[in-house]
Amino acid sequence: MSLLRTDGLTKQFGGLVAVDEVSFEVDSGETRAVIGPNGAGKSTLINCITGALEPTAGTVEFDGEDITDLEPHETVQAGVSKSFQTASIFPEMTVRENVEIAALASEHGSFSFDFLKRLSGFDAVHDTTDRMLESVELLGDADVEAASLPYGDKRRLEIAIALASEPDLLLMDEPTAGMSPDETAATVELVEELQDTLDLTILIVEHDMEIIFQIADRILVLNRGQVIADGTPEEVQESEEVQEAYLGGVEL
Amino acid sequence: MSGDRSGDATDAIPDGGTVTEETAGGSGGSALAGLRERDDFVVVAMAAALVVFPFLLIDILGAVGDVIGISIGGYTGLPSLVLIYGIIVIGFNLLLGYTGLLSFGHAAFFGSAAYSAALFSQVVPSPILMVIVGTIVATLLAWPIGFVSIRRSGVYFAVLTLTFGQALYFWALGPGSWLTNGDNGFSGIEAHGLFLGAIPLDAQLIPVFDSYTVMYAFTAVVMLIAVWVGNRIINSPYGLIFEALGENEERVEFVGLNVFRYKLMAFIISAVFAGVGGAMFVIHEQYIHPTTALYWIQSGDFVIMTVLGGTGSLVGPVLGALVFEYVANVISGVSLPMIGSIGSLWRFVLGAVFVFIVWVFPRGIYGAFSDLGSRLLGEDPEEPAVADGGERE
């Protein structure tokens, strides 16, 4: 069953068509990858799905609902959350507070008049926070200021924030960019583990081919905004068009 | 979980508010260590400080002044005036210090509340009702101004709020004269006493100590309510969200929170505090004019007080209001040998104080006390905060 479906999704910046009539589906429970050379429109595609950018044409459907025109916070509330490419955290707040705010948003919705209610009384928020911190192995650093974490930990915190929104679909924008090989391996393991325990569907944008072919169930290949291949890793690997346009004819 | 929220790694300092109040109130150290773990510690500490504040400001400083031959004691109305500005900047700091929104137009809320209270006093001169009416008007005004201004950020937000504030100022001077009495303002505004006029505001509470008036007690109670409400807000989900907005607005949107509505709430809440202060101001001063109530300098003064006191805590800005009003009202009256009377040069003195504080103590007066306090208590200032006046436990 498809959880996310785009239909003719197009984004134009002036004369440049960054995303050109992209139609694809993400099935419930799968790990879906989007790859493509620089400037292929991967990030723009993600931004159109989250609502950070307004598509010029086409629709985005999530869980049977049209989410094309939703604001980013509404998209998150609908069940689609995003982990950023650069760790987008709250540097001067503690690790726990970083996750708490996402858990809070998931618990009480996008807005509430609860400004005289004690935060310490939100038990579900604290439970979710602890659970997410534990799953990314940061519970021990919960009271540390986020800015003082090593880079790899910041990225895992970033993932914990995205997960605390309790999404059905997690969009991951190059989760291993800038990581050391060790950190990369740990992150890949983490992603696969999370998917099992949290019953997540993942849409991942990644440069690292090795990772993609290791974890992706299906791969969407973009070039200059257009879909040039869509299928299993094997199918994509064998596609001549992909080798031509993206890999420059190099054998994988 | 730090309620402190400025600067670098050394910021997370175990409660400086303790020590601030300690120096002011002379309370013991070890009992406070346990007390300050409590959520409402800041309210209790403020109550203690309010009891001794006029005595220190007027009587003690006055006696010192007599000895050194320079008049440095405050006048009897000064403690109330400091608290009135203190109430305003507690709210202003929720917007500037926590949410990170710099408004240059809060005189609009201060002034509209002051004028509304003044006008209402001609119908019912009850101080409590004047405060309520003034606050309601300020709140209603904050909604549309915030709604438009919040859509822009940074300097555009500051300029938009400034523009709205100045528009109101010029309206009050010219076209709105039928309501505001234009350049003449209102004088002789008289609020009757509390409890249906039974207790006049200028009545003394304690013989000999002139500054302990009913007006002071009234102001102190309103201040305590303001601190209590402010403390509840920063310990509520709003405290977390405001702080997060100040640090990474985009991320707040992407955890699923409505950034626009929360920023608007921060704006309106701060305007409520400014409204309470504006109405209290007119009760205290019994006089109102567009220049004192609505001019942009007034908005700028709120910013200066807040930064001077320190944006890193709930009550820090109150210290800024104290120093500001002390320089404006007492130092301005000081006459020095060689230099002569300081008079209207007080803004130079204030400027020097401001530059010094911001330079030496970037986290404001509160930050300075906070560092000093942790050193005196033998605590490591590098240690993450375990408890703070504005703390979630």
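Start with the sheet in chain A: six strands line up in the order 6-7-8-3-9-10, forming an open sheet with mixed pairing. Two strands count as paired if DSSP finds at least two bridges between them, and helices (H or I, at least four residues) and strands (E, at least two) are DSSP runs numbered from the N terminus. This is a predicted model, where local features need pLDDT of at least 70, side-chain atom pairs count only at pLDDT 80 or more, and totals for chains, interfaces and linings use all residues. Residues are numbered from 1 along each chain as its sequence is written, while chains are lettered from A and ligands numbered from 1 in the order in which they are written.

**The sheet in chain A**

- Strand 6 and strand 10 (226-231) of chain A sit at the edges with a single partner strand each, so one side of each has no neighbour in the sheet.
- On average, neighbouring strands of this sheet are turned by 20 degrees against each other, direction ignored.
- Strands of a sheet pair through backbone hydrogen bonds, and they can do it parallel or antiparallel.
- Strand 9 (residues 218-223) and strand 10 of chain A run antiparallel, joined by five bridges, and A:Ile219 has A:Gly231 in strand 10 as its bridge partner.
- Helix 1 (residues 42-50) of chain A packs on the sheet and touches strand 3 (31-35), strand 6, strand 7, strand 8 and strand 9. The direction of helix 1 makes about 150 degrees with that of strand 7 of chain A; axes here are lines fitted to C-alpha atoms, for helices over the stretch in contact, and angles run from 0 to 180 degrees between N-to-C directions.

**A look at strand 7 of chain A**

- Five of the five residues of strand 7 are buried, so the strand is largely enclosed by the rest of the structure. Buried means 20 or more other C-beta atoms (placed from the backbone) lie within 10 Å of the residue's own; 12 or fewer makes it exposed, and in between is partly exposed.
- In a regular strand, side chains alternate between the two faces of the sheet.
- Here A:Leu169, A:Leu171 and A:Asp173 point one way, while A:Leu170 and A:Met172 point the other way.
- Strand 7 pairs in the parallel sense with strand 6 (residues 80-83) over four bridges, and five bridges join strand 7 to strand 8 (residues 201-205), also running parallel.
- A:Leu171 has A:Lys82 opposite it and also stands opposite A:Leu203 in strand 8.
- From strand 7 the chain crosses through helix 6 to strand 8 in a right-handed β-α-β crossover (with the strands pointing away from the viewer, the path from the first strand over the helix to the second runs clockwise).

**Two domains in chain A**

- Chain A splits into domain 1 (1-79 + 167-252) and domain 2 (85-166), with bounds from an automatic or database domain assignment.
- Their C-alpha centres lie 25 Å apart.
- The contact takes 18 residues from domain 1 and 14 residues from domain 2; two residues are in contact if their C-beta atoms, placed from the backbone, lie within 7 Å.
- On the domain 1 side, helix 6 (181-198) is one of the elements supplying at least two residues, and the largest share, six residues, comes from helix 6.

**Chain B and its contact with chain A**

- Chain B has 18 helices and four strands, and 54% of its 393 residues count as buried.
- The contact takes 32 residues from chain B and 35 residues from chain A.
- Helix 11 of chain B gives the largest share of the chain B side, eight residues.
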